[in-house]
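Here are my notes on this one, jotted down as numbered points. Have the structure open while you read.

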Amino acid sequence: MFLSSSSLTKHCWCLRHFSANIKFSSSSSKPRLLNHQDKDCEDFLPWLERKAGVQVSSKVYIGKSAHGRSLFAAEDIRAGECILQVPYNVQVSPDCLLPKVRTLLENEVGNVAKLAVVLLVEQNIGLESEWAPYTSRLPQPGDIHSTIFWSERELEMIRQSSLYQETMKQNAQIERDFSTIKLVLDRFYGIFEGVTLRDFKHAHALVGSRAWGSSKGASLIPLADFLNHQADSEAFVLNDEDMQVSEVIADHDYAAHEEVFISYGKFSNSTLLLEYGFALPYNKHEEVQISIPHHDLLPKMKFEILQGHLFPVTNDANVFKTSGNSFTIKEVKSVEGKGKGLPQSLRAFARVLSCTSHQELEDLTKEAAETDGRLARRPLKDISREIQAHEILLSRFSQLIGEYNASIESLEKICSVPTCENFATRRKMALNLLNGELRVLESASAWLKNYCATLH
Ligand SMILES: C[S@@+](CC[C@H](N)C(=O)[O-])C[C@H]1O[C@@H](n2cnc3c(N)ncnc32)[C@H](O)[C@@H]1O
């Protein structure tokens with residue numbers, strides 16, 4: 001999760017910068033919430049502070065929220081105040097593994113898998129583990145909704161989205177990591193004894209949804225990892241390497257007993273669902289992965305030109321993940337604007353596809369050589385060809401919009417069928433995902449229609 005977002009690992013100069021930009025807002029108009037204290041966690045903070053040897057927080061307590069456990073304000077909190085400060089010496093990192101085990105796993109698996117092994121080893125030790133008060137408070141397998149746990153029937157609901165394939169890939173990677181670890185740890189009879197793939201998957205999901213990238217590769221930060229995500233929060237978990245602590249600064253005022261939030265990052269619903277097991281009803285960071293089928297449009301020469309010119313490594317400010325004929329689209333905010341959200345590489349791809357003669361392709365390669373080496377980044381001189389190129393995209397978007405609408409319609413029909421609670425929750429998540437991706441496609445389609453109309 002946080003592991004993929006390096007921007008969350010900040011140093012103390014960032015803290016100062018952040019504090020200077022904090023918005024001071026009044027919380028007087030906000031509804032006061034009831035006390036949500038989780039009685040099962042009353043001894044958690046005293047345990048953590050004993051272990052750390054310092055105070056970790058006087059500002060928050062662990063409570064029950066609509067989304068599992070969460071942190072609540074123990075008293076009024078002012079914007080800019082430090083909510084919690086967790087020393088590195090009470091964080092769980094791959095360093096907690098026995099040195100011999102750490103060496104054996106060193107180059108075999110990534111940080112998430114290593115940290116998952118730490119959790120499993122500590123859980124195996126049981127109540128004798130020094131981390132038992134922490135590991136026993138982590139969500140159980142049934143509480144986690146990451147798509148890696150979805151049944152085939154549930155996954156069918158998101159087949160339209162690239163998340164379906166991403167989930168398959170993630171599951172395959174987890175299985176590979178599990179086999180590798182099993183093989184390595186067989187030498188340490190007892191350490192991994194009785195651990196199943198299901199256990200490993202659960203530990204992997206816990207780490208993926210609540211560990212931060214750190215100087216030790218990845219770290220679980222007890223207490224901070226009970227904070228839930230709010231998309232518009234400007235509070236983050238920050239690492240202060242000089243002080244050897246992780247901390248959270250309030251980005252606005254909180255009244256006592258209000259739930260306290262942070263932002264996990266600017267993630268699409270697809271990422272949120274895979275890594276954290278939830279999807280937002282409206283996600284402003286939504287994006288959709290699309291591919292442009294091109295076999296019938298792509299004779300050998302076009303293919304060679306595309307390979308050679310279209311996707312050079314670039315420092316383009318408009319950075320999008322692109323591989324081959326697959327593109328990441330973000331919401332296009334303005335129909336009349338510059339089309340920000342549609343990657344330039346996608347439009348260039350379509351321009352090459354629309355060429356019908358050898359000469360047109362040669363002209364494009366010549367133009368690329370004379371400019372920055374990137375092919376078809378400028379509008380085609382032949383207006384009708386420029387329109388045709390964008391119509392290729394429009395037709396693909398129309399097809400996808402039709403498919404998304406059909407998937408959403410059939411999902412909405414399932415509503416009346418009595419089903420289990422998990423299925424109902426995941427169906428709602430699937431609808432949030434598909435509706436969000438549809439919104440992105442429709443915004444791109446509207447922009448393309450407007451662009452073609454202005455050229456006509
Ligand atoms: C870092 S943990 C936060 C603590 C967690 N609620 C718990 O019970 O331990 C992240 C998990 O909390 C839940 N979560 C956090 N923010 C959420 C939100 N805005 N909507 C739904 N679930 C959320 C998800 O299950 C996610 O995987």
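1. Strands β2 and β9 (residues 259-262) are joined by 2 bridges and run antiparallel. If you want a residue pair to click on, take L71, whose bridge partner in β9 is V260. Keep in mind that this is a predicted model.

2. Zooming out, that pair belongs to an open sheet of 4 strands, ordered β1-β2-β9-β6, with mixed pairing. At the edges sit β1 (60-65) and β6, each of which pairs on one side only.

3. Now the ligand. The shell around the ligand has 15 residues, and those that come nearest are H67, G68, R69, N228 and F278. Two or more residues of the shell come from each of β2 (68-73), α8 (197-210) and β6 (228-229). β2 gives the largest share, with 3 residues.

4. On to the helices. The axes of α9 (residues 269-276) and α14 (residues 421-455) come within 9 Å and cross at roughly 150 degrees. Angles over 145 degrees count as roughly antiparallel, and α9 and α14 are therefore roughly antiparallel to each other.

5. Which residues make the contact between these two helices? From α9 they are N269, S270 and L273, and from α14 they are M429, N432, L433 and G436. By class, the contact of α9 with α14 has 3 nonpolar and 4 polar residues, and no charged ones.

Conventions: Residues numbered from 1 in each chain as written. Predicted model: local features only at pLDDT ≥ 70, side-chain atom pairs only at ≥ 80, totals over all residues. Near = placed C-beta within 6 Å. Axes fitted to C-alpha atoms, helices over the stretch in contact; angles between N-to-C directions. Parallel < 35°, antiparallel > 145°, perpendicular 65-115°, else oblique. Contact = placed C-beta atoms within 7 Å. Nonpolar A, V, L, I, M, F, W, Y, C, P; charged D, E, K, R; others polar. Pairing = 2+ DSSP bridges.
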